[in-house]
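Hi,

Here is the structure I promised to hand over. Have a look at it first, and then read my notes below.

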Amino acid sequence: MTVGQRAADETTTPARGWGLNTWDSPWLNFKFLLGVAIVGLILLFGLLGPLFWDTDLAYTGAGPLNKPPVWQEGGLPEHPLGTESNGRDMLAQLILATPSSLKVGFLAAIIGMGIGMVLGSVAGYVGGWWDHVIRTLSDSAVTIPALVVLVVIASYVQMTDTTAMALILAAFAWPGPTRLVRSQILTLRERSYVRMAHLSGAPALEIMFVEMLPNMLPWLAASLTGGISVAILGATGLEVLGLGPTRVPSLGLIINQATTNAALVRGLVWWWLPPIIILMVIFVGFFLMTIGLDEIANPRIRQFSSTRRERTAAGELPAVEHAGLRGGEEEDAALEVDDLHVHYFTPRGEVIAANGVNFSVRKGEILGLVGESGCGKTTVAMAILQVVQAPGRIVQGEVRIEDQDLVSLSGKELREVRWRDLALVPQGAMNSLNPVTPIREQMADAILAHENVGRLEVEARILGLLNDVGLPERVIEIYPHELSGGMKQRDCIAMAIALNPQVIIADEPTSALDVVVQRVVAQTLLEVKERLGVSMVMIGHDMGLQAQLVDRIAVMYAGNLVEVAPVGSAFSEPLHPYTQLLIESIPSIKERKPLNVTEGLTHDLRNPPPGCIFQFRCQHVEQICRERRPELVEREDDHLVACWLYEPERHSLIELEEA
Amino acid sequence: MRGLTKEYVLQRFLMYLLTIWLGSTLIFVIPRLAPGDPVSEMVGRLSLDAGYIENADKLIESWKARFGLDAPIHVQYFRYWGNVFRLNFGYSLSHFPTEAWTMVSDALPWSLGLLTVATVLSFSIGVTIGSLMGWRRTPRWLQLILPSSLTFTAIPYFMFGIMLIYLVAFELDWLPATGAYSRRVDPGWNLPFIKNVLTHAILPVVSIVLTSMGGWALGMRGLMISVNNEDYFLLAQVKGLSPSRIFFRYGVRNAILPALTALALGLGGLISGSILVEFIFAYPGTGYTLYQAIISQDYTVTQAIANLIILVTATSVFLLDLLYPFIDPRITYKRNMR
């Protein structure tokens with residue numbers, strides 16, 4: 001995915017991509033659909049029941065007293081579910097009671113949702129004083145025990161029908177949706193596609209309905225189904241206490257009559273159990289709908305369950321194939337990456353994020369790993385560190401530090417190597433520090449996990465490390481949110497050098513910082529490297545910064561390394577056409593340059609073409625580039641490139657194949 | 001700026017007062033919005049029961065005066081607040097010489113005990129299950145077993161309670177069905193009594209815990225999954241920390257914060273639900289007393305209990321709020337997020 005494409009994706013409403021009638025629509029969630037089916041069946045029972053059964057039997061004296069259901073001894077076929085102490089037919093009662101219980105729930109939840117949407121939109125969209133008042137009100141209303149107030153209300157207001165009860169219940173159903181809508185609007189407002197709509201001058205209501213509502217839909221639906229079951233629960237609670245409408249049959253009222261007539265003690269199971277079973281089925285139905293909708297609304301949960309399913313289906317993770325060919329083992333390498341393949345197993349196919357990556361980092365050297373967003377450089381970093389996140393997986397290759405292959409290590413062995421030999425300066429230092437613990441503890445954590453040292457020594461070492469990166473001593477007792485971005489990044493560097501590792505992976509260490517702070521952080525990194533002689537892999541896309549910092553540079557494109565060269569020759573005479581474009585695009589004060597890199601398209605990473613991966617964007621593409629993949633070969637002194645242009649024999653190679 | 005700041009405490013305290021004011025005002029306003037007034041209605045019901053009451057109008061007048069219902073509404077409102085502040089709700093109508101407040105304070109310890117135990121249990125069990133469900137390193141056999149603990153989540157407490165009574169108390173005769181203790185034991189700090197109280201509490205507690213822990217587990221699972229994707233969680237792994245340290249200090253420690261907020265907000269619902277549990281188990285707590293007061297038209301006791309429950313709920317929320325900054329150091333900065 002190119003930079004341009006990614007930006008375009010961000011600015012279109014994601015919900016528009018969700019076809020409701022395609023098979024991979026997120027709405028086709030099993031739990032959600034099962035819940036819909038269950039509630040639908042119950043509803044059908046209530047709606048169609050009167051067509052098949054005489055509901056007049058639901059009134060007092062319609063039949064004999066206390067008859068058990070037909071399958072028990074003494075049961076009568078004309079009262080298949082039995083009768084209770086007033087001679088009322090149970091089946092007829094259930095048929096009448098079920099829809100009225102459902103109706104209260106739907107009505108109350110929908111009214112509550114309506115109020116909540118209006119108040120939440122006002123709070124989230126208008127903001128200011130309105131927001132303050134609405135938020136305060138809903139926050140305190142939500143803590144009032146609703147049923148207590150309901151019970152008090154019900155004891156004064158004689159509720160004649162279910163509508164009155166639904167209205168009263170609705171008075172307690174609005175705070176939840178209000179809070180939800182408000183927070184969703186506040187989040188969505190910051191998304192780029194909503195901002196785009198704003199900038200393009202769309203009216204507020206249109207933005208609300210076209211851009212925001214579709215994205216809130218699963219959340220709102222989850223809140224609605226949750227609200228319905230809470231409302232049914234509230235109504236049933238009142239009915240069970242005998243405080244609901246007494247003239248209309250309802251499931252709660254049947255339970256109330258059963259318990260007040262001691263049906264439990266008298267063993268009249270068929271009196272109290274059926275309404276409870278129907279209610280439980282209703283609650284299970286809405287519960288399934290709610291958690292299904294939660295999964296729809298929150299893709300992380302969906303992804304989490306699906307990766308787990310995949311793992312269970314495939315048994316244990318398949319063993320990694322080890323590369324037979326150890327291409328060019330180097331004597332003085334601190335870190336060797338050998339034929340590394342990382343695939344992401346998505347529902348739409350395998351995405352090849354790293355395709356046979358080979359490189360080594362020499363002792364005391366900084367190797368720059370560059371490429372555009374999405375080219376797989378961060379994936380390579382994560383693979384070196386053995387923290388590729390599901391659904392990604394290292395499918396082949398080795399990562400060696402001191403002849404130890406990290407890919408084949410597991411559990412305790414891997415833990416010992418981590419940080420002691422291989423440390424990370426993370427990409428987002430902003431979020432890389434545990435927000436709830438002070439700096440001292442986070443740094444001590446790293447030291448104490450690997451060394452058995454006393455508290456005082458740890459303290460002294462932390463102070464020393466902070467000093468090394470130019471942070472004041474008071475930082476030790478501070479929480480991460482009290483540090484600036486640059487300070488956090490320097491603290492991460494201090495943490496990375498705590499155990500004097502062999503190799504540090506610096507994943508775009510300066511990308512989120514402003515230019516001045518970038519400089520300070522970059523200098524800190526250089527100083528640290530000079531003093532400790534540590535080897536470093538510096539990942540980034542800023543060619544200018546790379547030029548100043550690194551010794552050698554490795555250029556990555558679409559999961560493949562295309563060029564590895566000393567920084568001098570890489571910048572003075574870049575060989576690969578992609579590297580040439582990258583270097584041409586470095587802005588300069590002296591002349592304005594067009595940005596040529598976005599010309600052409602990247603191929604689909606799930607389905608790489610035969611031949612060279614850069615063929616669609618390359619200006620020098622030839623026949624062989626479309627047919628055979630070029631290998632990374634040393635073409636000049638210490639300068640490796642994967643391109644057919646530098647293969648004098650390329651024409652004969654292709655003829656040979658044809659012959 | 002860590003821990004409690006003056007501004008934060010003040011803000012939370014205002015919120016506390018607002019909640020109490022809102023709840024109590026509702027309880028004051030609602031009966032007066034209803035057609036007719038409580039006294040006329042009560043006398044009306046009495047006359048229905050007794051057939052005829054002499055001088056019904058005079059009775060209504062004198063009762064109205066007695067309860068201060070003849071005063072203008074704003075005067076009534078101020079008087080009502082004075083009473084709420086002094087916890088003076090007058091005499092119980094159904095148990096006349098007893099004061100309403102006495103009846104309520106007798107019931108309170110039972111409810112508080114039952115609910116505290118049930119809430120602590122369901123919250124801690126639920127959070128543990130949820131954390132394990134949302135953690136990638138949880139052993140697979142555990143991952144397979146854990147979801148079964150959510151079985152009863154969708155069932156309301158009291159229905160589960162009814163079935164427990166039927167199965168465990170009546171059919172199997174293992175545990176007592178109703179009440180807080182048997183008549184045959186001597187109330188006091190003696191071992192048989194404590195044992196008796198505990199056996200009576202098992203069924204109500206179990207019905208609350210089994211049905212409510214799943215909600216906490218589901219919420220915690222979602223939160224834990226989010227934390228799994230945080231940068232600091234990744235860095236903790238790369239640092240080579242032990243899995244248990246990552247799980248507790250980096251995972252649960254962060255994921256539990258919104259769950260605690262939810263606990264504070266959900267207390268109202270929890271206390272509400274307990275009314276039905278107490279009703280089903282005839283457990284002599286505030287909920288059961290409230291039910292009896294309503295059935296016996298005991299206007300003063302109803303008001304006293306409703307106010308008390310609101311007060312207790314608001315106070316617990318306030319206390320949780322005061323604890324929060326010690327658990328989340330960022331709270332004084334991002335208080336507007338809630």
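**What I found**

F85(B) is exposed, with a relative accessible area of 69%; here buried means under 20% relative accessible area, exposed over 50%, and partly exposed in between (1.4 Å probe, protein chains only). You'll find F85(B) in helix α4 (residues 73-85) of chain B. Helices (H or I, at least four residues) and strands (E, at least two) are DSSP runs, numbered from the N terminus. Between the C-alpha atoms of F85(B) and A118(B), which are 33 residues apart along the chain, the separation is 30 Å.

Before you go further: this is a predicted model, where local features need pLDDT of at least 70 and side-chain atom pairs count only at pLDDT 80 or more, while totals for chains, interfaces and linings use all residues. Residues are numbered from 1 along each chain as its sequence is written, chains are lettered from A and ligands numbered from 1 in the order in which they are written, and side-chain values use heavy atoms, with hydrogens and water left out.

Staying with chain B, the unreviewed UniProt entry lists residues 108-320 as "domain: ABC transmembrane type-1". UniProt positions are in the numbering used here, feature names are shortened, and annotations may be inferred rather than shown by experiment. In the model, that span is 77% helix and 0% strand, and its end C-alpha atoms lie 20 Å apart.

Now the salt bridges. One means a side-chain nitrogen of Lys or Arg within 4 Å of a carboxyl oxygen of Asp or Glu. Searching the whole structure gives 22 of them over all chains. Here are a few:

- E441(A) pairs with R245(B), with the closest N and O atoms 3.4 Å apart. Since E441(A) sits in helix α17 of chain A and R245(B) in helix α10 (residues 243-280) of chain B, the pair joins two chains. E441(A) is partly exposed at 22% relative accessible area, and R245(B) is partly exposed at 30%.
- R440(A) and E459(A) meet at 3.0 Å, N to O. This pair links distant parts of the chain, 19 residues apart: R440(A) is in helix α17 (residues 439-448) and E459(A) in helix α18 (residues 455-468), both of chain A. R440(A) is partly exposed at 28%, and E459(A) is partly exposed at 23%.
- K529(A) bridges to D551(A), the closest N and O atoms being 3.8 Å apart. K529(A) is in helix α20 (residues 515-532) of chain A and D551(A) in the loop between α21 (543-549) and β9 (552-557), so the pair ties together parts that are 22 residues apart in sequence. K529(A) is buried at 10%, whereas D551(A) is partly exposed at 33%.
- E336(A), D338(A), E398(A) and R400(A) are linked in a network of salt bridges.

Last, the surface patches. They are built from residues with over 30% relative accessible area and no salt bridge, joining like charges within 9 Å and nonpolar side chains (Val, Leu, Ile, Met, Phe, Trp, Tyr) within 5 Å. Accessible areas come from the Shrake-Rupley method with a 1.4 Å probe; for residues, only the protein chains shown count as cover.

The nonpolar patch, about 740 Å², is made by L41(A), L43(A), L44(A), L47(A), L48(A), L51(A) and F52(A). L51(A) belongs to helix α2 (residues 30-52) of chain A and is exposed at 64%.

E573(A), E634(A), E636(A) and D637(A) form a negative patch. Lys and Arg count as positive and Asp and Glu as negative, while His and the chain ends are not counted; a charge is placed at NZ of Lys, CZ of Arg, CG of Asp or CD of Glu. E573(A) lies in the loop between α22 (567-572) and α23 (577-584) of chain A and is partly exposed at 38%.

Cheers
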